[in-house]
Structures are given as C-alpha cells and as structure tokens.
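Please read them alongside the sequence and the model.

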Number of protein chains: 2
Amino acid sequence: MPFDADSLKYNENGLIPAIAQDAENGDVLMMAWMNAEAVRKTLETGRVTYWSRSRQSFWVKGESSGHVQELVEFTFDCDCDCILVKVRQTGPACHTNRRSCFYRAVRGAEVVELMQPEV
Amino acid sequence: MPFDADSLKYNENGLIPAIAQDAENGDVLMMAWMNAEAVRKTLETGRVTYWSRSRQSFWVKGESSGHVQELVEFTFDCDCDCILVKVRQTGPACHTNRRSCFYRAVRGAEVVELMQPEV
C-alpha cells in the first residue's frame with residue numbers, strides 16, 4: 001500500500017508526535033512534533049525534520065548545531081497518531097548537549113540525573 | 001530534589017505524552033497520555049497508568065487484557081513535557097495483539113508490516 005502522509009492523524013494544530021530512537025543502541029533520544037509537510041520532507045530527504053512549535057517553522061534537526069538525524073526507519077503506530085523514527089544521530093540529540101533528552105529519572109520520589117552533557 | 005508530578009508540563013487538556021519502552025530489549029512499545037494523577041498512580045503503584053482520552057478515565061494498562069506494564073524506570077525530558085517509562089511488558093502492548101504499536105514502516109513510499117499479531 002502506498003504511504004500517504006495525509007493519512008496520519010494530526011491534532012487540532014495539524015501536528016503529530018514523533019519519537020526519535022537511536023537505531024544502533026535503541027535509546028530513545030527525544031520527542032518532537034511533525035506536520036504532514038515535515039513527514040514528507042523527512043521521507044524525501046532522509047533528514048529528520050520536525051515542526052518547531054515555538055518558532056512556527058520547519059526544524060531540520062541539526063541544521064544549525066550539526067547534530068543531524070539521518071533517517072534509518074520511519075514507523076507509525078496502530079492508531080496512526082504517533083510516529084517513531086529510528087535514526088543515526090550525530091552528536092547529542094538534546095539541546096542541553098546530552099545524548100538524550102530523557103536524562104532525568106524519578107527514583108524513590110527523588111529526581112536523579114542519569115547523564116552529563118557531552119564535552 | 002524531590003519529584004513533583006505537578007512540575008511537569010501538561011497541555012491544554014492537562015495531559016502529557018508518555019512513551020513506553022521495553023526495559024529488556026529497548027523496543028518502543030506504545031505512546032499514550034497521562035495526567036498528573038496518572039503520573040502519581042504510576043509511581044505509587046508501579047503499574048503504568050494512563051489517561052484514556054476516549055473513555056475519559058484512568059487506564060491501568062492491562063487491567064482488562066492482563067497485558068500489564070510493570071514500571072522499571074520513570075524518566076522525563078529536558079522540557080518536562082514528555083515522559084519515557086521503561087517497563088516490563090506482559091504479552092503484547094498493542095490492542096491489535098502485536099508486541100508493539102509501531103508495527104508499520106514506510107519503505108520506498110510503501111507501507112510495510114513489520115510484525116504479526118501474537119497468537
């Protein structure tokens with residue numbers, strides 16, 4: 001069946017959550033948002049492209065930082081309302097310079113930091 | 001620092017996306033939503049609990065199907081607007097009886113099915 005980006009389910013702002021996972025070790029790196037055009041750009045260019053809600057513009061991940069995400073596999077879920085991209089991540093995925101945005105855990109009611117910024 | 005569920009950022013409906021990842025093999029299993037009370041229930045009970053948007057009620061994952069998610073690690077992202085739970089998943093996570101909800105990929109503009117329902 002041919003894929004149609006418009007067949008995914010977008011929220012009232014035309015956006016769908018997209019999870020990025022490290023294709024090599026399976027770490028979940030970040031979650032951001034795409035619109036239908038960002039989905040098409042991601043598939044056409046092989047560079048993972050989000051929609052920046054704060055800047056209201058396309059966000060080719062790593063365009064300014066160099067921390068690009070090369071698309072390895074594009075998947076979507078049973079309800080067609082969430083995307084999971086497996087990526088080859090150059091450098092840290094997080095703007096705090098950590099490998100993953102999910103660097104804090106809750107253990108015994110305390111917040112614990114799991115990783116440090118890369119240098 | 002003590003964790004406060006109210007310190008996470010919820011959307012206009014009081015919800016935050018929560019990604020569930022298999023703690024053993026790193027597979028991303030599903031994405032659903034929590035409100036602050038679901039976050040507290042998840043941490044207090046060790047049973048991953050979402051907020052069902054369609055039913056407008058708490059959804060203790062697996063309560064009816066038996067396909068429970070035992071909490072292994074609760075993490076959240078840099079912007080405090082997304083949760084990642086690592087879980088011990090009993091049975092399939094997806095309501096289609098597949099291990100993961102992300103069972104379809106886009107390859108060469110075609111939709112490809114990556115896994116079959118478990119029997």
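**Notes on the predicted model**

1. Cys94(A) has 3% relative accessibility and therefore counts as buried (under 20% relative accessible area, with exposed over 50% and partly exposed in between; 1.4 Å probe, protein chains only). This is a predicted model, in which local features need pLDDT of at least 70 and side-chain atom pairs count only at pLDDT 80 or more, whereas totals for chains, interfaces and linings use all residues. Residues are numbered from 1 along each chain as its sequence is written, chains are lettered from A and ligands numbered from 1 in the order in which they are written, and side-chain values use heavy atoms, with hydrogens and water left out.

2. Cys94(A) lies in the loop between strand 6 (83–89) and strand 7 (104–107) of chain A; strands (E, at least two residues) and helices (H or I, at least four) are DSSP runs numbered from the N terminus. Beyond four places in sequence, Cys94(A) is in contact (heavy atoms within 4.5 Å) with residues including Cys101(A), Tyr103(A) and Cys78(B).

3. Cys101(A) lies in the loop between strand 6 and strand 7 of chain A and, at 8% relative accessibility, counts as buried. Its contacts beyond four places in sequence include Leu29(A), Met30(A), Phe76(B), Asp77(B) and Cys78(B).

4. The unreviewed UniProt entry places the feature "binding site" at Cys78(A), Cys94(A) and Cys101(A); UniProt positions follow the numbering used here, feature names are shortened, and annotations may be inferred rather than shown by experiment. These residues span 24 residues in sequence and the farthest two C-alpha atoms are 27.6 Å apart, so they do not all gather at one spot.

5. Six strands form an open sheet of mixed pairing, in the order 8(A)-7(A)-5(B)-6(B)-1(B)-2(B); two strands pair if DSSP finds at least two bridges between them. Strand 8 (110–113) of chain A and strand 2 (28–34) of chain B stand at the edges with a single partner strand each, so one side of each is left without a neighbour in the sheet.

6. Within chain B, strand 1 (residues 16–22) and strand 6 (residues 83–89) run parallel and are joined by 5 bridges. In this chain, Gln21(B) stands opposite Lys86(B) of strand 6.
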